[in-house]
Amino acid sequence: MERTLESLVKRVATLEREVTLLNQTRRPLPPNATSLQRIAYELGMWDPDQDTLREIVDRAFRGMGITGAPIPAEELQRMMLSEGVRPEDNILSRGLIDMREE
C-alpha cells in the first residue's frame with residue numbers, strides 16, 4: 001500500500017509540473033475570444049495564433065488574386081482530368097503514385 005501511495009504522489013507531482021510548464025508556454029487568450037474559442041482553448045484545440053496565421057494567409061491570397069472556397073482534392077483531380085492533364089505524365093504526380101503503390 002505504501003509503495004502505491006508513493007508512486008501516486010510522484011505521478012501527481014510530475015503532472016503538476018507538466019501542467020505548470022504547459023500553462024507558462026501557452027499564449028494568452030485574447031479578451032475578445034468567443035465562448036467557442038474559449039472552450040477550444042481550454043481543451044487545447046485552439047491557439048490564438050491560428051487566427052493571426054489565418055489573417056496573414058487570407059491577406060496573401062487576396063494579394064495574389066486567389067478567391068473562392070478551397071476545392072477538395074478529388075474535385076481538383078476530376079477538373080484536371082477533364083482538361084486533359086494526365087497524372088502519370090507529371091513527374092511529381094508520378095512520384096506520389098509510385099509511393100502509394102509501395
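**Getting to know M64 and its chain**

Trainee: Is M64 buried or exposed?
Mentor: Keep in mind that this is a predicted model, where local features need pLDDT of at least 70, side-chain atom pairs count only at pLDDT 80 or more, and totals for chains, interfaces and linings use all residues. Residues are numbered from 1 along each chain as its sequence is written, and side-chain values use heavy atoms, leaving out hydrogens and water. Buried means under 20% relative accessible area, exposed over 50%, and partly exposed in between (1.4 Å probe, protein chains only). M64 has a relative accessible area of 56%, so M64 is exposed.

Trainee: Which helix does M64 lie in?
Mentor: Helices are DSSP runs of H or I with at least four residues, strands are E runs of at least two, and both are numbered from the N terminus. The chain has 5 helices and 0 strands. Residues 48-64, with M64 among them, make up helix α3.

Trainee: How does the radius of gyration of the chain compare with the globule rule?
Mentor: The radius is taken over C-alpha atoms, and the rule is 2.2 Å times the number of residues to the power 0.38. For 102 residues the rule gives 13 Å, and the chain is well over that, so it is more spread out than a compact globule. The C-alpha trace spans about 70 × 45 × 20 Å along its principal axes. The chain's radius of gyration is 24 Å.

Trainee: What separates the C-alpha atoms of M64 and E75?
Mentor: Along the chain, M64 and E75 are 11 residues apart.
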